[in-house]
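Subject: Structure handover

Hello,

Here is the structure I promised to pass on. Please open it first, then read my notes below.

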Amino acid sequence: MMVIVSTVFSQDSKYNQPPHTFPEYSGNYTKNLFSPVTKPGKTFYISVNGNDKNKGTKKSPFRSIEAARDAIRNLKANLGLPKGGVDVILLKGTYNIGSTIEFTSEDTGTSTSPIVYKGEKKGEVILTGGVQVDTKRFKIVSDEELLSRLHPKARGKVIYIDLSKDKLDSYFPGDGKYGQIAMDGYMLQLAQWPNRAYNHIGKIHEEGPTTRWLKPGEKPMPYSKENPTGGKFSFKEDLSPMVQTEFERTRDIYAQGYFHNDWYFQHEPLGSINNNVVQLLHHTRYGIVNKIKSIPRRVRLFNVLAELNEPGEWYFDKKEQKLFVWPIKGFEPGKSTVSFIGTKSASINNSFAQPGDVKAQKASLPLITMKNTSYVTLSNFIIENTGSLAISIKGGKYNLLAGSIIRNGAGKGIEIKGGKYNGITSCDFYDLYAAFSISGGDFKSLERSNNFATNNVIRNCRYRGYGVVSLSGVGLYFAHNLLHSMNGAIMYKTVNLLMEYNEFYNIGYEMGDFNVAYCGAQWYTMNNVVRYNFVHHLIEPGGHPVAAFRNDDNGAGLKIYGNVFYRPGRGSAQFDGPLNDFQNNITLDCYTVWWTLKKPITKEGIQEKWDKLSRFGTDLPKGDKGDYLYITEKVIGEKGWLKSPWKETFPELKAMIETNPWAQTFGNVNLNYVYKVRKPFHIHGGSGTIEGMESKRKGHFKDLPIEGSFEPPVEISLDAFEDISSLDFNLKKDFKLMDGFKPIPFDKIGLVKDDFRKKPLDKKIYRSYIYERFKDEKGGRYNSEIVKARYPLPGYLK
C-alpha cells in the first residue's frame, strides 16, 4: 500500500492528491514572509560629500553608513525607536567601503519600527570594495620587447600600468589564483585561449598519475616545477609558439576543462609545453582519458598574455609587476575606473575553490555583516568588487536584501545562515563566483526557518556544477527567480523546501551529467516540492545525461509536480530512489521524460544492498556517500523516523526503510503529457558508476517496484498551447484535460512586479527572442560551434 502524508482524495480521480497539488499550498510559505511596510518616523541621510560629524539631515548628511548606524543606536538608547522606524537614505554616488560594516543585535528594529538602509534611487548608489587605481597612469604598450609578447591583434591597443611600487601584488597571487579586475562597472576577463568555450584534446600521450584510487596511506606521485609528472596531451587546434615562449618565461599557465568526465571541471597547472605537447605539473583525480569517443576532451589555457586578443581581456605579469589591459569601449583615462576586486589583506580569488573549502571562504571579509539583527532591510544598492563574500546575515529574523544588484565579486554574493524569515528579493546577481547560499531551520525538530529567495535574476556566474545557489535546512522558499546563461546550478539538501514559479534556460551548456536543480544521496530529504517551474533550452552534446531536475544516488522525497519542460536536454527528471514523484508535468521535444536505473526489487537483492553497508567503516570511511542509514541518523537522530516529530510528520520514511529503500519504492510517475519524446521512460540497465553509466544494458517496466504507481505519459499536440513562438505554454481553454490532471498556472512563472522590481522583464519579448535564437539548433552529437554559441558575450562587448 502506498504511504502519503496528509493525503486527500479527489472524488473524480483515482490518483492521490497530496497538499502540494493545490495552488494554495504556497500559503504555508508566503504567509507573513515579509515584515510590514511602514512610514518612517525618522530619516537620516548619507552623501559621498558628507561628514560624519554632521547631523545626518539631507542638508547636513553623514559620510558613512557607520555614522548613521551609530546615530540610530544613540536614538534607541535615549528616546527609543520612533513609530514607523528609521530610514537611512544614501544619496547618489560611489561609496568606497574600506572595512566591513558590522550590524549586531544592537542595530535591531521591530515589526512596527523597522530600520531600512536604501539608495535614494535604484541604480545610482554603489557600494564598492577593492582598490581603484588612477587610470591616468596607464600607457599604450610601445616597448618593442613588450609588444613582441602580445598577440598581433592587440598591438597598439593594449595599455599597461607599472604596479611595482604600489604593493598591490597581493591582489594577483598567481599560480592558479589570478585575481579579478573590473573596468567601469564591468568584470573583465583574464587572457585565455580560447576566449569562450574550449579547444579540444587531439591526442592523449599519457594519462598521468591519479588520486581517485589511491589506497589508504598511499601518497600521490611526487613532482616539482623542474620535474613535472602529470599527463601529456596535444591540442587538436594549432597552439601558438608564442604560448610556449611565454610559459618558458613565466612558468605560470593553467589548463581548465574536462580531462576525464563531463561533470568534473578541473583547474590544473602546466608543467611544460614542448613541441606542442602540453604536460600537466602533477597528478589529477581521474587522469586524462577520453572514454566517450563522440565527445572530445575539452580544455582551455588560462592566464596567457600571448592570447590577450580582444577588448576587456587583461593580464598581470607577476615577474615584472605590470598589468596589461585591452580597454573596453568608452574608456577614458582619468574618468574611467579600474578596480582590483577583493580586500587587500586577503584578496585571493577563490573562483576555483572546491565546495566546503573553509579556508578559501575566509579569504576576505564581507562588505557587510548582520549578526542577530532583526527587521533590517538593505535595498536599492549596487554592491560590487567584493572578495569571498559580499554580505553575511546570521541569525535574527526579517532581515532583507532587496532591489539591489550584486556583481563583480571574487566569491559569493550573500550568505544567510539561520534565523527566520530572512531573505533576498528582487535582486540581480551576475559576474560572481556564486550567487548566494541560504540555510536555516532544524532537521531533528523539523522547525522551519521560512528563509527565502524570491524574484531574483541569477546569471553569468563562474561556478561550474552545483552551488551557484545552495539551499540547506527546513522550510525554505525559492520562487519566481530567473536563472540563465551559466554552467552552475542549484544544490539543495533540505526538508519541506518549496521551489516554485522559477524559470531556467541555457544552463549547463558545457557539461554532462548535469541538472538545473540537484539533490541526492540522502534518505531524510522529505517533501521537497519542485512545482510550477519552466525549464527550457538546455543542451546535451551527448555522453552523460543532462536533465532538468534530479534526486541522485538513491535520494528520497522529491515531488516534481506541474512543471513545463521544453527541450530540457535529454529529459525532464532523473531519480532512482524511493518516495520520488513526477506528476502532472508537460514535457516537449527531448529523448525521455524520466531517466532512472534498474534497482533491486527482490528479497535477495534488497538484502544484498543492506549487507553492503558494512563496507563503511571498514573498506570505506564511515559517513561516506552511500552510508545512508548512518547519515540519516546523524541528521535526525538514532532511528529518528520512529520518533517524534518524524514518525507523525513523515510515516512514509519508516515504511520506505522497512520495505525497500534501494529502489523507486512508493514513487508516483503518472498524469504526464508529452510531445515529441522518443522514449518516455528510460530504465538504464547498468549501475550508477562512471563505468556503469556507459553500459548498453537496458531495464524494463517490470523492473520497477510494485509499491508505486508508474504509468506512461499521454501524447499532446502543440496545437493545445497558446503560442509556441513566444514560449507561451498555457493550455487553450477548450483543451480537454485527462482525468486527474490539474491546470498549470503558467502565467505566474518567472519574474513578477513588486515594490522592489517595478519593471520586470517582458516575458513575451525575451521568450520570443530565445525561441528564435535556438529554433534551428540541433542537439545530439557534440558540435563545438553550437556549444560555443551558447556562451554569453561579456556585457561590454554587446
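Does Asn408 count as buried or exposed, and what is its relative accessibility? Keep in mind that this is a predicted model. Asn408 has 0% relative accessibility, so it counts as buried, the cut-off being under 20%.

Asn408 is found in strand 30, residues 405-409. Its side chain reaches the backbone oxygen of Gly185 at 2.9 Å. Leaving aside neighbours within four places in sequence, Asn408 is in contact with several residues, including Ala182, Gly185, Tyr186 and Met187. Others among its contacts are Ile341, Glu384, Asn385, Tyr430 and Leu432. Thr618 is another matter: 210 residues separate it from Asn408 along the chain, and the two C-alpha atoms are 46 Å apart.

The UniProt record, an unreviewed entry, places "domain: Right handed beta helix" at residues 368-508. In the model, those residues are 0% helix and 61% strand. The end C-alpha atoms of the stretch are 31 Å apart.

Now back to Tyr186, one of the Asn408 contacts. Tyr186 belongs to strand 13 and stands opposite Met183. Strand 12 (residues 181-183) and strand 13 pair in the antiparallel sense, over 2 bridges. Both sit in an open sheet of 4 strands, in the order 9-24-12-13, with antiparallel pairing. Strand 9 (131-133) and strand 13 (186-187) are the edge strands, each pairing on one side only.

Next, the region around helix 2. Strand 3 (residues 42-46) and strand 4 (residues 86-90) pair in the parallel sense, over 5 bridges. From strand 3 the chain passes through helix 2 (residues 65-78) to strand 4, and this β-α-β crossover is right-handed. Within the strand pair, Tyr45 has Ile89 of strand 4 as its bridge partner.

How far apart should the ends of helix 2 be? Helix 2 has 14 residues, and at 1.5 Å a residue it should span 20 Å. Its end C-alpha atoms are 20 Å apart, so the two values agree.

The buried residues of helix 2 are Ile65, Ala67, Ala68, Arg69, Ala71, Ile72, Arg73 and Leu75. They pack against strand 3 and strand 4, and also against strand 6 (101-103), strand 7 (115-119) and strand 8 (125-128). After helix 2 comes Gly80, with a positive phi near 85 degrees.

Over to you.

Best wishes

How values were computed. Residues are numbered from 1 along each chain as its sequence is written. This is a predicted model: local features need pLDDT of at least 70, side-chain atom pairs count only at pLDDT 80 or more; totals for chains, interfaces and linings use all residues. Side-chain values use heavy atoms; hydrogens and water are left out. UniProt positions are given in the numbering used here, feature names are shortened, and annotations may be inferred rather than shown by experiment. Two strands pair if DSSP finds at least two bridges between them. A crossover is right-handed if, with the strands pointing away from the viewer, the path from the first strand over the helix to the second runs clockwise. The expected span of a helix is 1.5 Å times one less than its number of residues. Buried means under 20% relative accessible area, exposed over 50%, partly exposed in between (1.4 Å probe, protein chains only). Contact means heavy atoms within 4.5 Å. A polar contact is a pair of N or O atoms within 3.5 Å; within protein, one must be able to donate a hydrogen and the other to accept it, and residues adjacent in sequence count only if both atoms are side-chain atoms.
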